[in-house]
Amino acid sequence: MYRFPEGVFSDVRLEESVTTVIAFVMGRLEQRRERTERTAFIRVFDGIRWYFSSLTDPRQSTVQEKLDDLAAMASAGRIEGHPVLDRLSRHRGERISGRPEGTVESKTAVLESYFGELKAFPQIASWQGFIGDGYSRKRIISSLGADISFDRFNCGIGIGFSMAEGESRASEQFMKTGLVPGDLEGRQEDFRARLQKTLHYLGNAVDAVAGEHTVVLSPLAAGVFAHESFGHKSEADFMTGDETMLREWPLGARVGPDILSIWDDGTVPGTGYTPFDDEGTPGGRTFLVKNGVLSGRLHSAITAAELREEPTGNARAVSFNFEPIPRMTTTCIEPGDISKKDLFAGIEDGIFVETVKHGSGMSTFTIAPNLAYRIRGGEISEPLKVSVITGNVMETLGEIDGLSREWEVLGFVGGGCGKMEQYPLPVGFGGPFVRVRRMQVN
Amino acid sequence: MVEHVGTESMDDSTAGITAGRVDSVRNRNILKTGLRLYDGETVGVAGCLGEPDISDLRKRAKEVLGSVPFPWAPNRDLVRHREVPGGGNGSVLPEAEAIVSALSGEFPDILVSGKLTFGRYRHSLSGDGLDLSFLHRGYNLSLTFKRRDSSAIIDGFVGSGGTNWDRAQVLKEIRREFRAFLHPVAPPASGVHNVVFTETGTALSQTIGDLNGLRYATGSSLLSDKRDQKVFSSALTLLQYADEMEGTPFFDAEGTITPAEGVPLVRDGVFIQPFTDIRTANTYGLPLTGAASAQYDGVPSLGFPEIRVKPSDRTLSKLLDGKPAICVSVTTGGDFTPTGGFGAPVQLAYLLDASGNPVGRLPECSISSTVWKMLGDDFVGVSSDPYYPSSDQKAMVMRMAVEF
């Protein structure tokens with residue numbers, strides 16, 4: 001298909017994406033967009049340096065011209081024996097499911113079917129509704145013989161609302177992601193429950209007492225915690241060229257209690273589904289922590305070669321504008337073996353974080369709760385206003401002492417993970433209800 | 001029928017730096033075009049990547065007319081072209097090599113990673129008497145850094161952005177930062193201190209959200225019903241602003257022009273107006289400030305414009321009034337409660353002497369306040385002199401509770 005230049009490695013990622021966005025603000029249609037883009041991203045490696053180009057014209061002749069241009073910038077003949085060559089994909093094949101049927105009109109109708117619920121809540125000051133889906137089909141062809149085609153589809157619905165009463169304010173979101181458009185239908189009861197919870201929060205939330213508390217994280221909060229606190233630390237590009245990180249994070253080191261296992265898996269259906277990564281490496285399950293022991297990292301072929309490990313199918317690019325780098329796919333804490341009821345039962349006085357606005361993670365992680373509650377005598381009690389919970393990642397992992405059997409895999413609608421210039425990348429996350437003996441609450 | 005054609009073109013080169021080595025170069029030449037048709041009641045939009053076929057875009061935009069209401073007059077009969085002088089910063093690769101070489105030579109204990117981009121960016125919006133264009137040639141340096149013996153994935157960030165790349169000045173600023181970073185100092189006692197922010201996003205995020213015209217008009221903003229009231233410190237003036245040197249066009253996605261001096265949203269502590277686009281301004285009877293944003297193929301809607309605090313006439317040294325201060329360099333994950341309470345962990349902070357010079361790295365700490373205090377009685381001001389001269393970034397000082 002292409003004349004790959006001699007003496008260098010090169011690959012071409014062809015992308016075709018179709019996205020739909022329908023957005024209402026206060027009941028008024030403000031956005032109704034169906035977009036089709038055909039693009040390409042080219043890489044050339046000469047053994048020393050990578051050369052990239054992103055194109056909005058993916059015709060064969062244009063791609064060939066750019067391939068030749070990039071090769072002219074590189075120095076041929078230095079690539080032979082480079083360890084990255086052994087780790088770059090040579091897979092061939094096709095995994096195509098196709099784009100599910102659905103018109104803009106039918107999607108609009110699904111979104112509008114939720115709006116009636118809002119009428120019962122005069123406290124709602126403003127609201128916005130969104131339904132969207134994204135289909136992408138990629139083909140990766142390389143000078144090593146790889147030729148893979150695969151696709152993915154996700155859809156989601158999100159309704160954000162702000163309630164106001166006197167000086168009190170509360171904002172929340174109802175979100176539902178799906179694998180086919182039909183997954184987004186018929187969730188009105190869940191939406192109503194979220195509205196009622198927020199109304200209760202609006203009228204009853206009191207300031208949390210700052211300090212250390214026993215905290216239970218919901219599957220949503222636990223998933224964000226796993227992503228922010230440990231997932232990013234497991235992305236191997238943070239370790240390349242960094243002897244200290246490799247020394248401090250040796251595989252086999254204990255990082256948490258026996259009950260704790262965290263994995264990333266590109267084959268899990270949902271927003272993080274990545275059957276092949278953007279280098280053509282197949283996705284799979286990588287245990288980052290297994291029974292409390294550091295067990296793996298998330299790699300591209302480049303970082304795997306640097307660290308003398310194997311690629312894991314985590315080289316992802318947020319769009320045709322960018323090169324693939326190690327990113328998460330679906331990252332979860334594995335469920336435990338006690339019931340949610342028993343998990344709460346052991347807590348005389350604590351805090352339950354049900355929903356979150358955002359999280360972040362360096363050596364210190366943070367989670368900004370939205371709906372949070374006091375736990376009294378093992379029961380969920382009055383709602384609390386909490387600006388942020390925070391802690392040292394490693395110390396907090398060590399403080400986990402309970403995981404429920406009940407668990408969920410979730411995804412954000414319309415957002416995703418950010419890493420430096422690449423945002424938002426769709427990812428999945430989740431876990432069980434997680435009990436942490438001590439966390440700093442502000 | 002009114003027709004607007006908008007374009008965004010981006011031609012840039014980026015050098016990638018990994019652990020102190022320039023290991024990649026990326027070139028992008030991207031053109032995005034959107035065509036909007038306004039029929040007096042609705043708007044229809046179509047867009048494409050690459051060289052546009054305008055007649056095809058027009059045909060597609062017509063096909064989707066009739067669904068998205070827009071019963072207001074779009075901007076027309078405005079002509080202005082602006083090319084930001086300067087830029088043309090040369091070849092990115094040797095500059096990235098020079099930065100990395102200088103830093104690794106002078107600071108062998110620090111590893112840097114990140115990107116240096118040189119680019120040319122053009123925005124235009126034209127049709128029915130509207131003819132606006134903005135050309136900016138600029139640069140952006142964004143580096144993470146960490147001590148070689150640190151077990152953290154990142155210890156901090158340094159960067160610079162603007163029009164004219166000045167390697168010597170950028171290196172001077174990074175050296176100042178790295179010297180302070182490598183010199184741990186004992187923290188002052190926990191309590192209320194002068195806190196210095198060199199970027200305003202964290203401290204102003206709640207207020208910027210409350211200045212959103214939709215939130216204001218629907219009663220979900222903390223500023224709802226407070227228009228023309230004095231709600232903040234007299235030292236605080238917030239402007240909707242288009243920083244051309246940073247590459248922000250002087251017009252928004254609907255072609256509303258932001259004047260060079262900015263649009264006051266809060267003046268001397270008095271809440272003047274929220275920011276709006278055409279739809280919000282007309283729906284709720286508010287002044288139009290030009291805060292529309294749009295994807296290249298999307299209907300413009302109310303976005304988040306650039307908002308800056310008007311600098312005072314006092315230098316940072318004068319603002320600190322003979323007292324040392326805590327400069328927040330990295331804070332991620334902080335937030336506000338629904339009623340304006342603020343808390344944030346600070347992952348990297350420096351101790352500043354009374355002249356505003358960093359003297360050393362402080363241990364991790366947390367800061368807290370409320371939106372009413374930090375922009376009210378505890379707001380000190382924004383310096384007249386830049387803390388980072390290469391990108392003309394000034395320092396904002398407010399008193400806050402700091403806990404070490």
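**Questions on a predicted two-chain model**

Modeller: In this predicted model, Ser339(A) lies in the loop that runs between strand E15 (330-333) and helix H7 (340-345) of chain A.

Colleague: Is Ser339(A) buried or exposed, and at what relative accessibility?

Modeller: The cut-off for a buried residue is under 20% relative accessible area. Ser339(A) falls under that limit and therefore counts as buried, its relative accessibility being 14%.

Colleague: Which residues are in contact with Ser339(A), leaving aside its neighbours within four places in sequence?

Modeller: Contact here requires heavy atoms within 4.5 Å. With the sequence neighbours within four places set aside, the residues in contact with Ser339(A) are Ser404(A), Arg405(A) and Glu406(A).

Colleague: How many disulfides are found over all chains?

Modeller: A disulfide is a covalent bond between the sulfur atoms of two cysteines, and the cut-off applied to the sulfur pair is 2.5 Å. A search of the whole structure, over all chains, gives a count of zero.

Colleague: What is the nearest cysteine sulfur to that of Cys365(B), and how far away is it?

Modeller: Cys365(B) is buried, its relative accessible area being 7%. This residue is in no disulfide, and the nearest cysteine sulfur is that of Cys327(B), at 11 Å.

Colleague: How many aromatic pairs are counted over all chains, and what is the geometry of Phe145(B) with Phe181(B)?

Modeller: The count over all chains comes to 32 aromatic pairs. For Phe145(B) and Phe181(B), the ring centres are 4.9 Å apart and the planes stand at 85°, so this pair is edge-to-face.

Colleague: Which elements of chain B does the pair of Phe145(B) and Phe181(B) link?

Modeller: Phe145(B) is buried at 1% relative accessibility, and Phe181(B) is buried at 2%. The two residues are 36 residues apart and link distant parts of the chain. Phe145(B) belongs to strand E7 (residues 130-147) of chain B, and Phe181(B) to helix H3 (residues 167-181) of chain B.

Colleague: Over which rings do the charged ends of Arg285(A) and Arg176(B) sit?

Modeller: The charged end of Arg285(A) is 3.7 Å from the centre of the ring it sits over, that of Trp263(A). For Arg176(B), the distance to the ring centre is 4.3 Å, and the ring is that of Tyr387(B).

Colleague: How many residues of strand E2 (residues 21-38) of chain B are buried?

Modeller: This strand is mostly covered. Of the 18 residues in E2(B), the number buried is 14.

Colleague: How many bridges join E1(B) to E2(B), and which turn residue of their hairpin has a positive phi?

Modeller: Strand E1 (residues 2-18) of chain B runs antiparallel to E2(B), and the two are joined by 17 bridges. Within this pairing, Gly16(B) stands opposite Ser24(B). Two residues lie between the strands of the hairpin, and the turn residue with a positive phi, about 45°, is Ala19(B).

Colleague: What is the bridge partner of Gly34(B) in E3(B)?

Modeller: E2(B) and strand E3 (residues 42-49) of chain B run antiparallel and are joined by seven bridges. Their hairpin has three residues between the strands, with Gly40(B) in the turn at a positive phi of about 95°. In E3(B), the partner of Gly34(B) is Gly47(B).

Colleague: In which sense does strand E3 (residues 50-55) of chain A pair with E2(B), and what is the bridge partner of Tyr51(A)?

Modeller: Five bridges connect this strand of chain A with E2(B), and the sense is parallel. In E2(B), the bridge partner of Tyr51(A) is Val25(B).

How values were computed: Residues are numbered from 1 along each chain as its sequence is written. Chains are lettered from A and ligands numbered from 1 in the order in which they are written. This is a predicted model: local features need pLDDT of at least 70, side-chain atom pairs count only at pLDDT 80 or more; totals for chains, interfaces and linings use all residues. Side-chain values use heavy atoms; hydrogens and water are left out. Rings of Phe, Tyr and Trp (its six-membered ring) pair if their centres lie within 6.5 Å; planes under 30 degrees apart count as stacked, over 60 as edge-to-face and the rest as tilted. Helices (H or I, at least four residues) and strands (E, at least two) are DSSP runs, numbered from the N terminus. Buried means under 20% relative accessible area, exposed over 50%, partly exposed in between (1.4 Å probe, protein chains only). A charge sits over a ring if NZ of Lys or CZ of Arg is within 6 Å of the ring centre and within 35 degrees of the ring normal. Two strands pair if DSSP finds at least two bridges between them.
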